[in-house]
Number of protein chains: 2
Amino acid sequence: MARTLKVAAAQLGPVHLNSKREETLARMITLLQQAAEFGAQLVLFPECALTTFFPRHLIKTQEELDTYFEHNDDLLDSPNTKPLFDEAKKLDVDISIGFAERTKEGTGYNTSIYYSVKKNEVIAKYRKVHLPGTKEPFENPDAVNQLEKRYFEIGNLGFKAFRVPDIIPGVLKKGDESKAERNGLGDPIMGMLICNDRRWPEGWRCYGLQGAEVVLCGYNTAGFAPDLWGTQKPMTPQQAEDDAVFHHKLVMQSNSYMNSCFSISAAKAGLEDGKYDLIGGSCITSPEGHVIAEAKGKDDEIVFAEIDLNECRQGMEKTFDFARHRRTEAYGLIVERAGVVEPELL
Amino acid sequence: MARTLKVAAAQLGPVHLNSKREETLARMITLLQQAAEFGAQLVLFPECALTTFFPRHLIKTQEELDTYFEHNDDLLDSPNTKPLFDEAKKLDVDISIGFAERTKEGTGYNTSIYYSVKKNEVIAKYRKVHLPGTKEPFENPDAVNQLEKRYFEIGNLGFKAFRVPDIIPGVLKKGDESKAERNGLGDPIMGMLICNDRRWPEGWRCYGLQGAEVVLCGYNTAGFAPDLWGTQKPMTPQQAEDDAVFHHKLVMQSNSYMNSCFSISAAKAGLEDGKYDLIGGSCITSPEGHVIAEAKGKDDEIVFAEIDLNECRQGMEKTFDFARHRRTEAYGLIVERAGVVEPELL
């Protein structure tokens, strides 16, 4: 039996420092409606979807900083986000969305959640593990800051895959089938990553080891990276942006392939605050590593695909049959050390 | 200071069951000479370069099986391989080569070694960790066997990076420079993978964690994979081969990027034994994940590039500065379990 799912990435064009929250929310609701017209059962919104990507700014007051964070753990109930979830209920669509989370204790996280419309609740939460950038702003006034390490703590929830209940009608449930037939069956297994996480194979593998069939990843990715060492070929801004899109797709495609899963990625794209250019490239990749749908531009746009989760089985049960082929005894370095220890200089 | 290295992949066309050892060796010597004409300082030969890729055959007698293995640990001294290393000495070229190794104790490994011409010795050995296929032959007489798990033991040397001494004149050595300037300097750091290993990000990461700047990977990869689950789109043999080349390049490119290293890959390619089609696609990739040189065909062919190892620094010291960004506490699953444990069916 095919296990078919209709999925969408809701790419957002720029959201500016002075964008009004209700206008951004209205754009997201429009995207949700467009996705529903395609028949989407799941819509992924970007990282920190509700505001400009504020970690590029050195924000001087706690009061201003607070305006970029959600202070209510229950997005379904918060006036900032309730209308989006109300619309999802009306349209019968699941949502995954990224936002800046402020806990009751005051800790900041770069967070995403998965809302199941059938359960009418948030069934999974992920906090970004691989925070890029620095705690302190750059001294060079022309440098673009990336202050995620300043505003967020490192995610403390690990990479926990989850089943999405009842999104595919008629799939086998526990007790319905023999153990031999279980693999690849049942409700879909998903995992969440956020932006920079997608460049780190460790997170993908943790999801792969839980049988994840779909990995969701929202992002805000700059189209320009300074050449720190003078070793790069000189690039025009367009070439630099093309290269950033290339890297984005490369890691989505290869990690999907190496973990036999689909992936959905959703950008916040375009020129934010009239100055900071973010790449587009929102896409859906197959377990064979192919891009099966992708954004055409850098504005608000739905990227849609109908996928059959059983396509994951070819990889999971042959080339990437982990139980038969992985050799954990050879992988110790991966958890024993964070950084590089080079062989001694000869 | 640039740390420039001229490197080559020596792709081999088919070697058949009835190919004569001395003829295959003569072809390899010709490739070595061609690479030296390009100015190559290092030439990579394929996995099991000296014979047909015998694990696709069910070999009935130990006597026949033995003909595919090297029984002398010292390739420089063995009549099967001595002429190749003599030529390397004459041409002043380093060699990395794959072969089937039979130890004195009788154990078989799928092995590759690195020969330093400056030291005139084998300075590193790697034994393949990710053996694909099965121990028992398939019952279906039309199936193509992949009996690596039958003929080889799992590699027991881990993923050990190594410095290649004196291959780049004038690089800084231990004691020459302050610690702050050491990163990325000194003799090149390399690591070896074999064929299927390249699809597993764990091996690459172990090398990345040792600061590897070049990863070498020889391979024999079938251009056709059966559709076990009937979930794949029907493919012509040419489409299947194109897809296999796509997967090969995808993992070489992405793992080079995610570990900020160059890679060199060398195929044994073409129609072996008149029946088994192997992909070409030997290539050299940059730390930014781009293919910078690749094979044009499926015959004996040199793929050459001049690379500057300092191009690894941009990635190693920014996006992929492991010490600043990796979170080993979140990666436990990677070493805790080999196979998938799915979330319980809901």
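This is a predicted model: local features need pLDDT of at least 70, side-chain atom pairs count only at pLDDT 80 or more; totals for chains, interfaces and linings use all residues.
Mentor: Residues are numbered from 1 along each chain as its sequence is written, chains are lettered from A and ligands numbered from 1 in the order in which they are written, and side-chain values use heavy atoms, with hydrogens and water left out.

Trainee: What makes A:K90 and A:E87 a salt bridge?

Mentor: A salt bridge is a side-chain nitrogen of Lys or Arg within 4 Å of a carboxyl oxygen of Asp or Glu. For A:K90 and A:E87 the distance from N to O is 3.7 Å, so the pair meets that rule. Both residues lie in helix α3 (residues 82-91) of chain A, three residues apart, about one turn of the helix; helices (H or I, at least four residues) and strands (E, at least two) are DSSP runs, numbered from the N terminus.

Trainee: Which salt bridge does A:R205 form, and how many are counted between chain A and chain B?

Mentor: A:R205 is joined to B:E202, with the closest N and O atoms 2.6 Å apart.

Trainee: How many residues does each chain bring to the contact?

Mentor: Contact means heavy atoms within 4.5 Å, and on that rule chain A gives 86 residues and chain B gives 85 residues. The two chains bury about 8100 Å² between them, 62% of it on carbon and sulfur atoms, where buried area is the accessible area (1.4 Å probe) that two parts lose on being put together, summed over both.

Trainee: Why are β6 and β13 of chain A said to stand at the edges?

Mentor: The open sheet of chain A has six strands in the order β6-β7-β8-β9-β12-β13, with mixed pairing. In it, β6 (162-163) and β13 (291-294) each have a single partner strand, so one side of each is left without a neighbour in the sheet.

Trainee: Which strands does α5(A) touch, and at what angle to β7(A) does it run?

Mentor: α5(A) packs on the sheet against β7, β8 and β9 (262-267) of chain A, and its direction makes about 165 degrees with that of β7(A). Axes are lines fitted to C-alpha atoms, for helices over the stretch in contact, and angles run from 0 to 180 degrees between N-to-C directions.

Trainee: What is the order of the sheet in chain B, and how many bridges join β8 and β9 there?

Mentor: The order in chain B is β6-β7-β8-β9-β12-β13, an open sheet of six strands with mixed pairing. Strands β8 (residues 214-219) and β9 (residues 262-267) of chain B pair in the parallel sense over six bridges, and B:L216 stands opposite B:I264 in β9(B).

Conventions
Two strands pair if DSSP finds at least two bridges between them.
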